[in-house]
Amino acid sequence: MQKLNFPAYQFRFKSSENKVSIFDRIRKKFIILTPEEWVRQHTIHYLIEEKKYPESLINVEKLIKVNDTNKRYDIIIFNPDGTIYLIIECKSHSVRITQEVFDQIARYNLTLDAEYLMITNGMDHYYCQMDYIKKQYSFLNDIPDYK
């Protein structure tokens, strides 16, 4: 797999029926290893190991309804009170981060109301903080560490 712009992490792999799977420590199961999953797993490890977010506050690949359409977000971090702190959209390393990707996470956020947004393709990472009063977001150098 492609080397990504994240620290090096230890992963568990298994091979079955000519397909490689990677262990997802949040979902507690092996997931078929795709380029997007490779980015997602690096992001999860980054959140836990570098930013110190508790695994219990992280949710991966769940269904949401956006404008009467079923969508699936990549990663969400909850606040301890159950509100949403951060939404993360992961793309394959070969997918450019474009306005369309920002629009996608913005549509998800219309339903989820997160304080922070992160978009990554494993090579480039973008972080935003929402300002709901001014109805805008500002770019950050990184997301905050867990408090």
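A: A term first: a residue is buried under 20% relative accessible area, exposed over 50%, and partly exposed in between. The model is a predicted one.

The part is helix 1, residues 35-50. Helix 1 has 16 residues and spans 22 Å from first C-alpha to last, close to the 22 Å expected at 1.5 Å a residue. Twelve of its 16 residues are buried, so the rest of the structure largely encloses helix 1.

Now the packing. The largest nonpolar core has 27 residues, and Leu47, Ile58, Ile77 and Leu86 touch the most other members. Helix 1, strand 4, strand 7, strand 8 and strand 9 each supply at least two of its residues. Helix 1 gives the most, with six.

Next, the charges. Arg27 and Glu37 form a salt bridge, 2.9 Å from N to O. Arg27 sits in the loop between strand 2 and strand 3 and Glu37 in helix 1, so the pair ties together parts ten residues apart in sequence. Glu37 is buried, at 2% relative accessible area. Arg27 is partly exposed, at 22%.

Past the helix comes the loop between helix 1 and strand 4, which holds Lys51. Lys51 is buried, with a relative accessible area of 7%. Lys52, following helix 1, has a positive phi near 70°.

Lys51 has a salt bridge to Asp142, with the closest N and O atoms 3.0 Å apart. This pair links distant parts of the chain: Asp142 lies in the segment after strand 11, 91 residues from Lys51. Asp142 is partly exposed, at 29% relative accessible area. Lys51 also forms a salt bridge with Asp145, at 2.7 Å from N to O. Asp145 is in the segment after strand 11 too, 94 residues from Lys51. The relative accessibility of Asp145 is 43%, so by the limits above it counts as partly exposed.

Finally, the wider pattern. Salt bridges with shared partners join Asp24, Arg27, Glu36, Glu37, Arg40, Glu61 and Asp74 into one network. The total count is 13 salt bridges.

Methods. Residues are numbered from 1 along each chain as its sequence is written. This is a predicted model: local features need pLDDT of at least 70, side-chain atom pairs count only at pLDDT 80 or more; totals for chains, interfaces and linings use all residues. Side-chain values use heavy atoms; hydrogens and water are left out. A nonpolar core is a set of buried Ala, Val, Leu, Ile, Met, Phe, Trp, Tyr and Cys residues joined through side-chain atoms within 4.5 Å. Buried means under 20% relative accessible area, exposed over 50%, partly exposed in between (1.4 Å probe, protein chains only). Helices (H or I, at least four residues) and strands (E, at least two) are DSSP runs, numbered from the N terminus. The expected span of a helix is 1.5 Å times one less than its number of residues. A salt bridge is a side-chain nitrogen of Lys or Arg within 4 Å of a carboxyl oxygen of Asp or Glu.
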